[in-house]
Amino acid sequence: MYQVGELVVYGRTGVCRVERIQREKGQDYYALKPLYQSCDILTPVNGKVFMRPIITREEAERLIDCIPSMEVEAFESKATRELSEHYQAAIATHDCRDLVELTMSIYAKKKAAQREKRKFGAVDERFMKEGEELLFGELSAALDIPVEEVPDYIGRRLAQGTGAGR
């Protein structure tokens, strides 16, 4: 059971703080407050929506340090449904490494479309945005920095090559 004040990843909502645990009709519920959305969530402690603790600062830094060695390929499909299913499967793992690979592969696809002066697909755009929001939200919480500073933090860390010396 999570504790009040703990940060958790809740489904596709992203990072939430456990505000309280309450009992209603014989069942325990978490009252969650998303960090990057303005809403409140009340969910059963043993609910069906995926929930896990956020990664640690050390795990976040190790993940960022691994980015240069990740090999990703853009997923191509003319079928919108197939493309959506592929992207949804990556997001559904709730794994930060999968989110990095997803956003990197879609970003590579976007750059290729720009080079070839082609239109970038709406499905690609939507999933790149969702992947970045989930990833940057968790990295922000783990690193204790504002979410808008995450891309610059990643860039600086990779430019410095800090992973090799730690």
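These exercises work through parts of a predicted model.

**Exercise 1.** Find which residues of helix α2 are buried, and work out how they are arranged around the helix axis.

Solution. 
Step 1. Helix α2 covers residues 80-92, which makes 13 residues. From first C-alpha to last, α2 reaches 18 Å, close to the 18 Å expected at 1.5 Å a residue.
Step 2. Buried means under 20% relative accessible area. In α2 the buried residues are Leu83, Ser84, Tyr87, Ala90 and Ile91.
Step 3. Viewed down the axis of α2, these buried residues fall within an arc of 125°, so they line one face of the helix.

**Exercise 2.** Describe the salt bridge between Arg81 and Glu85, and decide how exposed each partner is.

Solution. 
Step 1. The side chains of Arg81 and Glu85 meet at 3.2 Å, N to O.
Step 2. Both residues belong to helix α2; because they are four residues apart, about one helical turn separates them.
Step 3. Arg81 has 66% relative accessibility and counts as exposed. Glu85, at 44%, counts as partly exposed.

**Exercise 3.** Locate the two partners of the salt bridge between Arg12 and Glu130, and say whether each is buried or partly exposed.

Solution. 
Step 1. The side chains of Arg12 and Glu130 form a salt bridge of 2.6 Å, N to O.
Step 2. Arg12 lies in the loop between β1 and β2, and Glu130 lies in helix α4; the pair links distant parts of the chain, 118 residues apart.
Step 3. With a relative accessible area of 40%, Arg12 is partly exposed. Glu130 has 17% and is buried.
Step 4. Strands β1 (residues 7-10) and β2 (residues 14-24) run antiparallel and are joined by four bridges. They form a hairpin with three residues between them, and Gly11 in the turn has a positive phi of about 50°.

**Exercise 4.** Characterise His94 by its position, backbone angle, burial and contacts.

Solution. 
Step 1. His94 is in the loop between α2 and α3, and its phi is positive, about 60°.
Step 2. Its relative accessibility is 13%, so His94 counts as buried.
Step 3. A polar atom of the His94 side chain lies 3.3 Å from the backbone oxygen of Ala92.
Step 4. Leaving aside residues up to four places away in sequence, His94 touches Gly11, Arg12, Phe50 and Arg52.

Definitions and conventions
Residues numbered from 1 in each chain as written. Predicted model: local features only at pLDDT ≥ 70, side-chain atom pairs only at ≥ 80, totals over all residues. Heavy atoms only, no water. Helix = DSSP H or I, 4+ residues; strand = E, 2+ residues; numbered from the N terminus. Expected span 1.5 Å × (residues − 1). Buried < 20%, exposed > 50% of the residue type's maximum accessible area, 1.4 Å probe, protein only. Arc of directions from axis to C-beta. Polar contact = N/O pair within 3.5 Å; in protein donor to acceptor, adjacent residues only side chain to side chain. Contact = heavy atoms within 4.5 Å. Pairing = 2+ DSSP bridges. Salt bridge = Lys/Arg side-chain N within 4 Å of Asp/Glu carboxyl O.
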